Amino acid sequence: MAERPRFRIWLWWRVFGLVGGAAIVALTIGAWIWLPLWLIVAAFLSGRLPGRWRALRLLWLAMLALTLESLVLVSLLGLWIGSGFGLWMRRPFWQWAHYDCMQWYLRNLFREATRVLRLRIVTVGPTPEAFPGDPLLVLSRHAGPGDSFTIVNALMNTYDREPRIVLKNTLMWEPTIGILMHRLPNRFVRPDPRPGQDLRSQIADLARGLDSDDALLIFPEGGNFTPGRRARAIARLRHLGLEQMAVRAEKWTHVLAPRPGGVAAALGAAPGVDVLLCAHTGLDHLATVGDIWRELPMDKELTLRWWRVPRAHIPSDPDGISEWLFEEWARIDAWIGENQPRTHH
């Protein structure tokens, strides 16, 4: 009986991916046809909005993102056909080809975004580059959609890693992300799993067999930071009888209380793998289109802060892992409070 809902979801996702992908390509073609009109509208709005040519800059980024996404979708269709209509998709060559496609998309998107928005990204601390040949478990705070792309781009294009990612299940319904991530070793999970969903086993499977250039990326908070999610995370701790942890989480103003279950599963399945913690500033509160319009960082300095924790310094028991993770999240919250983004000229 449990197989039927899973099959229906799989079938609907396949249909949605096909229709959604075709819609994105059609939208891109239409956007380029009507580009002269959009340029006139954006130029008119730019003179009436704060920021230098804000509307025109955002229009160019929107056109770039649509075009790159359409090219990726066409490439994914070609890779599916070339791999024997998916028959050889899991073979090393075709996995490499999909990683290469993902890397190309992120490299071009971020190169142009940093130029158009005049963003300066600063990296602090021991990055994945400092550990050549060592697989890594990367734990990051989750401020919004932009931080996920930024960290994955850094792992791939700056540090030459092949990321395995634990993603929120709603992202599978974005056609490009859903198709590409399903073809690579990633997992879509629910923050609040239903009975019978063994998410720890899924994450453990993902953590096994990490090779020298792999990095398993987990967002332990389970979702973007919002005041409502913060309150629910604290209430959840109290419901579980974890009053002391709830009190500690109430002191944090920039992060959600982390969920240690997935982290513990990954640590147990990848013995000897060190942990890198990642904090960042400048990409907060960008959860909706309205947020992006009002608060998209322009002419600013963004900071990525990395901390390495040797595996020998991390407890092996579940309670010890929970305590260690809360201590590290308190450290991240304090750092974010001390390092808000700066405007540069």
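Strands S2 (residues 136–140) and S5 (residues 214–218) pair in the parallel sense over four bridges. Strands are DSSP runs of E of at least two residues, helices are runs of H or I of at least four, and both are numbered from the N terminus. Two strands count as paired if DSSP finds at least two bridges between them. This is a predicted model, in which local features need pLDDT of at least 70 and side-chain atom pairs count only at pLDDT 80 or more, while totals for chains, interfaces and linings use all residues. Residues are numbered from 1 along each chain as its sequence is written, and side-chain values use heavy atoms, with hydrogens and water left out.

**Strands**

S2 also pairs with strand S6 (residues 274–281), again in the parallel sense, over five bridges. On the other strand, S5, four bridges join it to strand S3 (residues 162–168), and these two run parallel. The table gives residues that stand opposite each other.

| Residue | Opposite residue |
|---|---|
| Leu136 | Ala215 in S5 |
| Leu139 | Ile218 in S5 |
| Leu139 | Leu277 in S6 |
| Arg164 | Leu216 in S5 |

Five of the five residues of S2 are buried, where buried means under 20% relative accessible area, exposed over 50% and partly exposed in between (1.4 Å probe, protein chains only). Leu136, Val138 and Ser140 lie on one side of S2, Leu137 and Leu139 on the other, and both faces are covered. S5 is likewise mostly covered, with five of its five residues buried.

**Cores**

Leu217 touches Val138 and Ser140, and also Ile151, Val152, Leu155, Arg164, Ile165 and Val166, leaving aside residues up to four places away in sequence. Contact here means heavy atoms within 4.5 Å. Leu217 is, with Met102 and Trp306, one of the residues with the most contacts inside the largest nonpolar core, which has 47 residues. Such a core is a set of buried Ala, Val, Leu, Ile, Met, Phe, Trp, Tyr and Cys residues joined through side-chain atoms within 4.5 Å. Helix H4 (residues 92–116) gives the most to this core, with 11 residues. Apart from it lies another core, of 42 residues, including Val166, Ile234, Val275 and Trp307. In soluble globular proteins, nonpolar side chains tend to be buried together.

Helix H2 (residues 35–46) has 12 residues and reaches 16 Å from its first C-alpha to its last. That is close to the expected 16 Å, taken as 1.5 Å times one less than the number of residues. Leu35, Ala42 and Ser46 are buried in H2. They are on the same side of H2 because they cover an arc of only 35 degrees around the axis, judged by the directions from the helix axis to the C-beta atoms. The face turned away from that buried side carries the exposed residues Pro36 and Ile40.

Ala55 has its place in helix H3 (residues 54–82). Ala55 counts as buried because its relative accessibility is 7%. Its C-alpha atom is separated by 9.9 Å from that of Trp38, 17 residues apart along the chain.

**Whole chain**

The chain has 12 helices and eight strands. Buried residues make up 48% of its 345 residues. Among contacts between residues at least 6 apart in sequence, 78% join residues at least 24 apart. The chain exposes about 17800 Å², of which carbon and sulfur atoms supply 62%; accessible areas come from the Shrake-Rupley method with a 1.4 Å probe, and for residues only the protein chains shown count as cover.
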